[in-house]
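Me: I would like to go through some labels and ask what each one rests on. Here is the entry.

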Amino acid sequence: MKFFIDTANLDQIKEAQNMGILDGVTTNPSLMAKEGITGHDNILKHYVDICKIVEGDVSAEVIATDFEGMVKEGEALAELNDQIVVKLPMIKDGIKACKYFSDRGIKTNVTLVFSPGQALLAAKAGATYVSPFIGRLDDISTDGLNLIAEIRHIYDNYGFQTEILAASVRHTMHIIDCAKLGADVMTGPLSAIEGLLKHPLTDIGLAKFLEDHKKANQ
Ligand code: G3P
């Protein structure tokens, strides 16, 4: 299972990278805005900065919603670095753009996916990644994790190579559940990743080991 961090915050990306477990980064326009990254040139520079920190794939989202605009923006993004994955919205022109890029060997991530049918279209268009948003489905009292299971089932039926990138992961249990269901990738906040470290018996056990070592070595 690949671990991506879902942020545009360089310090958090560095923190996850320094743990040695990071496989990539996902961003979106909201996450860029949250970090105060505005203006075309600054946004492109920020993607380059992220690529310098991590070795894996970095999803960069287009703003255009028409085919020609998405192609123009996506080509400029892809030229920044081989690590860039062009992130496209799950709309008709987004699917057309996905096919355009996949035919040319440019990696894609189809985002804002909320149904198995949308995921099927993304796979048909040759998407590298499909991003079902599990947290946002949970927010409206719908079972986000069930969507991961449905997509896994459909993709396995036909051997689609599109990787299921569980997005809108909000907490540590989402990561565990996505792993059980066979998501290829999860993207979440640093807090959810660091939550995997925690168990009270680990802390109690470590304190006892150190205490016993100290007593024996006085
Ligand atoms: O990768 C998509 C993700 O950023 C959405 O997360 O928490 O805004 O639903 P959230």
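Me: Why is lysine 87 called buried?

Reply: This is a predicted model. In it, lysine 87 has a relative accessible area of 4%. Buried means under 20%, so lysine 87 with its 4% is classed as buried.

Me: Where does lysine 87 lie, and what feature does UniProt place there?

Reply: Lysine 87 is part of strand S4, which covers residues 84-89. An unreviewed UniProt entry gives Lys87 the feature "active site"; such an annotation may be inferred rather than shown by experiment.

Me: Which residues is lysine 87 in contact with, leaving aside its neighbours within four places in sequence?

Reply: Thr26, Thr27, Asn28, Ser59, Ala60, Glu61, Val62, Asn109 and Thr111. Contact here requires heavy atoms within 4.5 Å.

Me: What makes the pair of lysine 87 and threonine 27 a polar contact?

Reply: The lysine 87 side chain reaches the backbone oxygen of threonine 27 at 2.8 Å. The cut-off for a pair of N or O atoms is 3.5 Å, so the distance of 2.8 Å falls within it.

Me: Which residues surround the ligand?

Reply: Asp6, Asn28, Phe133, Arg136, Ala167, Ser168, Arg170 and Thr187. Asn28 is also in contact with lysine 87.

Me: How do you know that aspartate 6, asparagine 28 and arginine 136 have polar atoms within 3.5 Å of the ligand?

Reply: From the distances to an oxygen atom of the ligand: 2.5 Å for the aspartate 6 side chain, 2.9 Å for asparagine 28 and 2.7 Å for arginine 136. The protein covers 82% of the 310 Å² of accessible area that the ligand has on its own.

Note on methods: Residues numbered from 1 in each chain as written. Predicted model: local features only at pLDDT ≥ 70, side-chain atom pairs only at ≥ 80, totals over all residues. Heavy atoms only, no water. Helix = DSSP H or I, 4+ residues; strand = E, 2+ residues; numbered from the N terminus. Buried < 20%, exposed > 50% of the residue type's maximum accessible area, 1.4 Å probe, protein only. Polar contact = N/O pair within 3.5 Å; in protein donor to acceptor, adjacent residues only side chain to side chain. Near = heavy atom within 4 Å. Areas by Shrake-Rupley, 256 points an atom, 1.4 Å probe, with all protein chains shown as cover.
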